[in-house]
Amino acid sequence: MNREQILAWNRQIIDEFHANAGKVGGQFEGWPMVLLHTTGAKSGQDRVSPLAAHVDGDRIYIFAALAGAPINPNWYRNLVADPRVTVEYGTETFPARAVVLEGAERDAIYAIQAARYPQFGEYEQKTTRRIPVVELVREQG
């Protein structure tokens with residue numbers, strides 16, 4: 001897919017997310033989804049990315065898999081530059097801080113995601129990079 005096709009595809013998922021209280025169908029039917037708002041590292045503009053998530057109680061994790069591409073997604077580069085993000089989950093919108101997980105904690109969360117959604121295991125096999133796992137830590141206020 002080229003950039004315009006990806007943007008159109010994301011826009012469709014975002015619209016469906018908003019129309020259905022945070023739920024989407026198609027290939028993401030039944031998956032926990034978030035809309036991640038980051039600030040563009042170069043542009044300074046608000047960017048919105050629909051992402052599959054792992055939710056464990058109050059903890060929300062996202063994965064910079066980019067379908068196993070050899071590079072990290074733009075949203076990941078944005079949150080590394082500025083970890084202050086906004087998260088939409090279900091019907092809630094809240095500020096959060098993005099924390100990149102390391103070591104055993106990262107590995108354990110990624111393993112859970114890959115066990116639930118085998119595509120994530122495939123993504124890991126397709127790339128030589130270590131796919132980042134990010135926790136979205138809710139901020140007060």
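1. Which residues in α3 meet which residues in α4? R106, Y110, Q113, A114 and R116 in α3 meet P118, F120, G121, Y123 and E124 in α4. Contact means heavy atoms within 4.5 Å. The contact residues divide into five nonpolar, two polar and three charged. Ala, Val, Leu, Ile, Met, Phe, Trp, Tyr, Cys and Pro count as nonpolar, Asp, Glu, Lys and Arg as charged, and the others, Gly among them, as polar.

2. This is a predicted model, in which local features need pLDDT of at least 70 and side-chain atom pairs pLDDT 80 or more, while totals for chains, interfaces and linings use all residues. Residues are numbered from 1 along each chain as its sequence is written, and side-chain values use heavy atoms, with hydrogens and water left out.

3. Helix α3 (residues 103–116) packs against helix α4 (residues 118–126) at about 120°, axes 4 Å apart. Helices (H or I, at least four residues) and strands (E, at least two) are DSSP runs.

4. The largest nonpolar core has 21 residues; W31, M33, F63, Y110, F120 and V133 touch the most other members. A core joins buried Ala, Val, Leu, Ile, Met, Phe, Trp, Tyr and Cys residues through side-chain atoms within 4.5 Å; buried means under 20% relative accessible area (1.4 Å probe, protein chains only). A second, separate core of 17 residues includes I60, A64, W75 and V134.

5. β3 pairs antiparallel with strand β6 (residues 133–138) over four bridges. Pairing needs at least two DSSP bridges. I60 stands opposite L136 in β6.

Key: Axes fitted to C-alpha atoms, helices over the stretch in contact; angles between N-to-C directions. Buried < 20%, exposed > 50% of the residue type's maximum accessible area, 1.4 Å probe, protein only.
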